Amino acid sequence: MKPFLAELAQLIYEKHRTFDKLTIVFPNRRAIIYFRKYLSSLLNKPAFAPRLLTIEDYFQSLSDLRIADKLELVFRLYKVYNNIVLDDTSKGLKSEPFHQFYFWGEMLLRDFEEIDKYMVDTRQLFKDLRYQKELDTTFDYLTPEQREFLKNFWGTFDQHPSDNKDKFLNIWTRLYPLYEAFKGDLLSDNLAYEGLLQRRVVEGMASTLKSHLSPTVFAGFNALTKAEETLIRYHLEQGQAEVHWDVDEYYLNNNQQEAGKFFREYQSDPVLGKSFPVDVPSNLAKGLREFDDTEMIGRKSIRIFGAANPVGQTKLMSQVLEEELRKGIDPENTIIVLPDENLLLPVLHSVSGYVEKLNVTMGFPIGATPVFNLIEILVELQLHRKGSDFNHKHVLALLGHPYVIADDAGVANSKRKEILGRNWVHIPMGYLASETHLHRLIFDTLDISILVYLRNIITAIANLKSVNDFDREYLFYFLKLLNRIEAITGNAFQMILPNRESTIRQHAQSINTSLKAFLRLFRQLVQTFRIPFSGEPLKGLQVMGVLETRNLDFKNLFVLSLNEGSFPSIGGKSSYIPFSIRKAYGLPTSEHQDAMYAYLFYRMLQRSENIFLFYNTETDVLGQGESSRYLKQIMFESRLAMERNVLHDPIQPSVVIPVSITKNSSTIDALIKLSEGNGKFRGISPSALNTYIDCRLRFYLRHVAKIKEPDEVEEDLDARVLGNFLHTVMEKFYRLLKQSKQHGQVELKDFNSAVDIVDGLIDQVFIESYHLEPGKPVEYEGQRLVVREVVKRFAHRILEMDKHYAPFEIELLEQGGLDYHAAIDRYPGSVLVSGKIDRVDRKGDLIRVIDYKTGRDKLDFESVASLFKRDSKRNKAAFQTLLYALLYRVNKPPASSFKVVPGLINRMNLFDNDFRFGFKIGKDFLQDVEPLLPEFRDHLKILLEELFDPATPFDQTTDLEVCKFCSYQRICYR
């Protein structure tokens, strides 16, 4: 079928042999490019082109006003708002910062735009509507139905008096003065927003255009604003205009079709109605009709495809497109329409392998670029900075960012590795800023302005040789946006230097407030900012948004995201004017938007021959996003036999195959090396044996295969970290005591100042663990404060118990290197078991082997054999402590008269008034470990022989309770 613009070009060529005095107005720029192409193809000699304009450009040509960008408009509105609305009679309304005003200021600006574009009586619209009687007197020109709309709205509103209602009405009564003042402020500088410019043109149209009218053609319009409609009507009345409607009989002559709503209104207008052709084209009507075998010309082919998710759509579309290209369809007569702009990159990646030329006619959201993510992290870095120290989360995110890696990957990775290795929560600026120029810019304090800080960093990144042209384009547009923010807001985001009256904390709070304000404003601006693609618009396969398709026709049409919420999009933007009033005054509503999107959908199908429609088959978690109403309409209203295809992946749960690692010679060698140890640690530890008893596979993955979880900075202090803190504090206390006394004897007097010493040691441990600045007071906040109090309470209680137990002698503290060579009846003959004991003390003939625990480990067990059972109820702490007792007896054999008692100091017994140290075996407390050790050795030997038995694989535990908190769940699917 012949495209609408080609038909228009033919009509213009035949009717106007010369074009130099002719003006043709289109809805968008893309239509101008294609019209120029079609018109030039008809010429056989050089000719002056007609004046080709969009409707916005045509209005602009009739006015001296300049349209300001949205940021400047909202900022000017903000200043006028503060002067008009927040006066002495504002009833307690307070000024709000610009970043908070921006959201609803943008909404109010949008309302002003529509009010002017639809030529609404602003004084009447903004009149104080609290008085019901005015609905009957002042609104006498409204229809009874319109008056009823307003009465119902305000009647409901008045039934619920509140402070918010008073505030709303107080602002509402000032909207007209605000509107007038804002308009006056703009006009004084020869500025306007689009609606104001259109209104001014239309209101002065008679005097402005009367002596300057020239032949004008308006082509391809649908949903006209009141200003546009008035302008076109005036041209027609003066006999100087033609109107060519891009319309089809299918929806024009069917009142049930919302796509023809506006055309039917214009058709009934005494002036506009004359511009409609007598014979309305029926391309769509005929194309969707069943034909006889002898009448195949014009029949459309429609294929519908469903996929479970958006990316699945793009992959399926790519596959279908590739098949069609192989069949010989023309890429330059093919279009992909994307109602959802988020699918742009997936589509480009999907088709890039086999499409040589591609033209994109839609903006790319800058919020989807890596630069936006970088700026967010940079602001968060400064926002959470403590003095000259930066939080590890943002530091690690920046060191892993592609642009920072592009600067110097080696430096970035080495710093990441060191920060993770040292568990560095707050990293000093001096360490981070010591390497590259970019690092010095990033890890710096804010001296002047966040805008200057960001500009310097973006400029430095743009100058890197390793950054490609695409990224430089992103960086360029972000620089433009930052410069525009500074030009409009001035010094709003500059850092104010502290004065004598302000404290450092107050200055830091003011900086944080400024940064939060900037970040909120920046995020709002980014939502509407797009990067335009540049290319050859008439070459290659076309990728467009829905609005860009107006007036354009392609033989082959691919439309994605035919789901509610995408096409049509979610109805209605936020507005200060409620639906009832909008409807009463003829302003656009959701019904207006539905009719417009319906037209865009059917218009795309009008002249297309091969149509491929794609939709999501799955709704979201709320049941929203079902297939588009337009898709259902075309399926049920058309009499074509449509081909339907649904791409689905049937649910076929994979059978979880048990994971089992067979032992071979290399595995046995790895076990022997584990037993032999290395320079840091020798032998198999008690905790490793505990892991083996719990799950053989976990032991293999952790200790043999050496598969470890990725390093992370542990800011959240879990039970393990808490236990390490307590161990270190108590070790330091008693080690200092032994050093000062030159012996291990602990007496009652040694506890006189113990509490203060321990409190100081807690600070010291925090400084060492988190690499804080030595000598500087530790700031406890958040979880640090909680952990300090927990460790302090445990340590103070241990000191109290030890004070009552004194005098006693400390024999060992965090003693490592205690080895036990267990003989086994298989290769390699013996296994080295080694561990580190928290504390061993002696009083009289009693030796205590102590293990500190901060958890709630049980203090009893049934028997020695129960400690080796593969059962989640097994007392792992008792197994570990008895093994420590065995290591002590082997390495430090006491005299036969001494009793060795292993036990725990934990939450289960430490705070009891009747505290008693040691385990209970059965119902009795363990008095001496010696009688248990022979049986313990035997069970340990059996366990180690099993470990080195080639016939016993490393398999999974059968007790699923053990798997709940295992780090390797994703490997074995438990």
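1. A word on burial before anything else: a residue is called buried under 20% relative accessible area, exposed over 50%, and partly exposed in between, with a 1.4 Å probe and protein chains only. Across the 974 residues of the protein, 51% count as buried.

2. Please keep in mind that this is a predicted model, in which local features need pLDDT of at least 70 and side-chain atom pairs count only at pLDDT 80 or more, while totals for chains, interfaces and linings use all residues. Residues are numbered from 1 along each chain as its sequence is written, and side-chain values use heavy atoms, with hydrogens and water left out.

3. For the overall layout, the protein has 39 helices and 27 strands. These are DSSP runs numbered from the N terminus, helices being H or I of at least four residues and strands E of at least two. Taking a contact as heavy atoms within 4.5 Å, 76% of the contacts between residues at least 6 apart in sequence join residues at least 24 apart.

4. How many aromatic pairs are there? Rings of Phe, Tyr and Trp (its six-membered ring) pair if their centres lie within 6.5 Å; planes under 30 degrees apart are stacked, over 60 edge-to-face, and the rest tilted. The count by this rule is 52 aromatic pairs. One of them is edge-to-face: Y58 and F218, at 6.0 Å centre to centre with 75° between the planes. This pair links distant parts of the chain, with Y58 in helix α3 (residues 55-61) and F218 in strand β5 (residues 216-219), 160 residues apart. Y58 is buried at 5% relative accessible area, and F218 is buried at 0%.

5. Back to Y81 and F101: their ring centres are 5.2 Å apart and their planes meet at 40°, so the pair is tilted. Y81 belongs to helix α4 (residues 70-84) and F101 to helix α5 (residues 98-117), 20 residues apart.

6. Do have a look at the aromatic cluster. Ring pairs link W245, Y250, Y251, F263, Y266, F276, F567, Y597, Y599, F601, Y602 and Y630. Y630 also has the charged end of R629 over its ring, 5.9 Å from the centre. A charge sits over a ring if NZ of Lys or CZ of Arg is within 6 Å of the ring centre and within 35 degrees of the ring normal. K415 lies in this way over the face of Y431, 5.7 Å from the ring centre.

7. F567, listed in that cluster, is joined to P568 by a cis peptide bond with omega of about 5°. P568 is in the loop between β15 (556-559) and α28 (579-584). That loop also holds S561, which has a positive phi of about 55° although it is not a glycine. Is S561 buried or exposed? S561 is buried, with a relative accessible area of 4%.

8. The peptide bond from A806 to P807 is cis, with omega near 5°, and P807 is in the loop between α36 (783-805) and β20 (808-823). N190, not a glycine, has a positive phi of about 60°; N190 lies in the loop between α10 (175-188) and β4 (191-192) and is partly exposed at 37%.

9. Helix α33 (residues 696-704) has eight of its nine residues buried, so it is largely enclosed by the rest of the structure. Those buried residues are R696, L697, R698, F699, Y700, L701, H703 and V704. Their cover includes β18 (660-661), α31 (665-676), α32 (686-694), α38, β27 (954-955) and α39 (969-972). Just after α33, K706 takes a positive phi of about 60°.

10. Lastly, helix α37 (residues 876-891) packs with helix α38 (residues 933-947) at an angle of about 110°, with axes 11 Å apart. Axes here are lines fitted to C-alpha atoms, for helices over the stretch in contact, and angles run from 0 to 180 degrees between N-to-C directions. The two helices are therefore roughly perpendicular, a label for 65 to 115 degrees, where under 35 is roughly parallel, over 145 roughly antiparallel and the rest oblique. The contact is made by F879, L882, L883, L886, R889 and V890 of α37 and L933, F936, R937 and L940 of α38.
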